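Subject: Structure for your review

Dear colleague,

I am handing over a structure that is new to you. Please look through the sequence and the coordinates shown here before reading on.

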Amino acid sequence: MAFTPAILRLSRTVARDRGRAGRGYRLSTSRGRSPGSRRLRLESLEVRQMLSLPAMAYVDDNWSFLADNDSSGDLSVGDTVTNANDSIDPSGVTATYGVNGFGNVTSGLYTGSLPGSATINDAITGTASGTVNVLEGTYQEQVTIDKSLTFNGAQAGADARGRDAVAETIITPSTGNVAVITVQAPDVTVDGFTVLGGSNAGITGIYVSDQVTYNELSGVVIEDNIVRDFDLADSEGGGIIVGPLTDGVEIAYNDIRDFTLSSNRSVVGIGAHGNPGEEARNANIHDNFVHGLVFDHFVSYESNFRHPDIAP
Ligand SMILES: [Ca+2]
Ligand SMILES: [Ca+2]
């Protein structure tokens, strides 16, 4: 099937970009020192992170500034922020910016964001295996979950099928030919998000496969997510895709809807694909809605297709 290699190319591109822009970038501050010195810095950084990373973090697109704890006269790591601007439990979450609170501060005495503390990916980097709560709002980025954690949106625990007119955590891509959320670690739950594709070619909403270290992933649950409004133009795409080297991924209570494309390409609502020796095994796909996939030309789509590389 032509769809499979496109998804593989996609995930490998994401992995390469992540390698360039992720932890390696932080280490570039030691440029000019000896390689041995760089390794020492890496080790001490990782030790420090293991000792001090919180197990629970929050991300908000519109924090309210509460306290300038270091009297710096601006937003800095360690200041107190609260979610006063949200409609769900306003001011119910108080966090320490850059420690267990990430994102943008839009009201109060000092506003803005800081590099390393601004994005959902920053929150994942800054959290030990535990829970990252992304509060209601809209976030434009490609999220890579590269450690075992629970990744909760505003509607975590709420069945996505027919869910409407409630405050959502919306993640939308900044470019085409990417997965909006990539799960590449075992024991990850993605619960209660909306993935909004927009007018970006080649988008996959949520993709599960470790194309970096090629370890088989188990214990992954994708539930209660809306994946909607993809205008894929002349390209392929999909809603939720289980990729190679996975075992027992559960996909349930999701609502996949409103995909359009304009050429002879394929779109998959929910699917699984593997490679010989790298199968997607035991995928447990149940209780999802896939609807509103609209095409101008011929296209094949399946909500749960069978393939020789998908082992039972
Ligand atoms: Ca400050
Ligand atoms: Ca918000």
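This is a predicted model: local features need pLDDT of at least 70, side-chain atom pairs count only at pLDDT 80 or more; totals for chains, interfaces and linings use all residues.

The chain has 312 residues, of which 43% are buried. Its secondary structure consists of four helices and 24 strands.

One feature to examine is an open sheet of five strands, arranged in the order 7-10-13-17-21 with parallel pairing. Its edges are strand 7 (143-145) and strand 21 (267-272), each of which pairs on one side only. From one strand to the next, the twist averages 10°. At one end of this order, strand 17 (residues 237-242) runs parallel to strand 21 and is joined to it by five bridges. Within that region, I240 is found opposite I270 of strand 21. As a general point, the strands of a sheet pair through backbone hydrogen bonds, in either a parallel or an antiparallel manner.

The largest nonpolar core contains 65 residues, and those touching the most other members are V180, I181, I206 and V208. Strand 1 (residues 56-67) supplies the largest share of this core, with five residues. Both domain 1 (3-53 + 132-295) and domain 2 (55-127) contribute at least three residues each to the core. Apart from its neighbours within four places in sequence, V180 is in contact with Q142, V143, I171, P173, V195, I203, G205 and I206.

Yours sincerely,

A colleague

Terms used:
Residues are numbered from 1 along each chain as its sequence is written. Chains are lettered from A and ligands numbered from 1 in the order in which they are written. Helices (H or I, at least four residues) and strands (E, at least two) are DSSP runs, numbered from the N terminus. A residue is buried if 20 or more other C-beta atoms lie within 10 Å of its own, exposed if 12 or fewer, and partly exposed in between; C-beta atoms are placed from the backbone. Two strands pair if DSSP finds at least two bridges between them. Axes are lines fitted to C-alpha atoms, for helices over the stretch in contact, and angles run from 0 to 180 degrees between N-to-C directions. A nonpolar core is a set of buried Ala, Val, Leu, Ile, Met, Phe, Trp, Tyr and Cys residues joined through C-beta atoms within 7 Å. Domain bounds come from an automatic or database domain assignment. Two residues are in contact if their C-beta atoms, placed from the backbone, lie within 7 Å.
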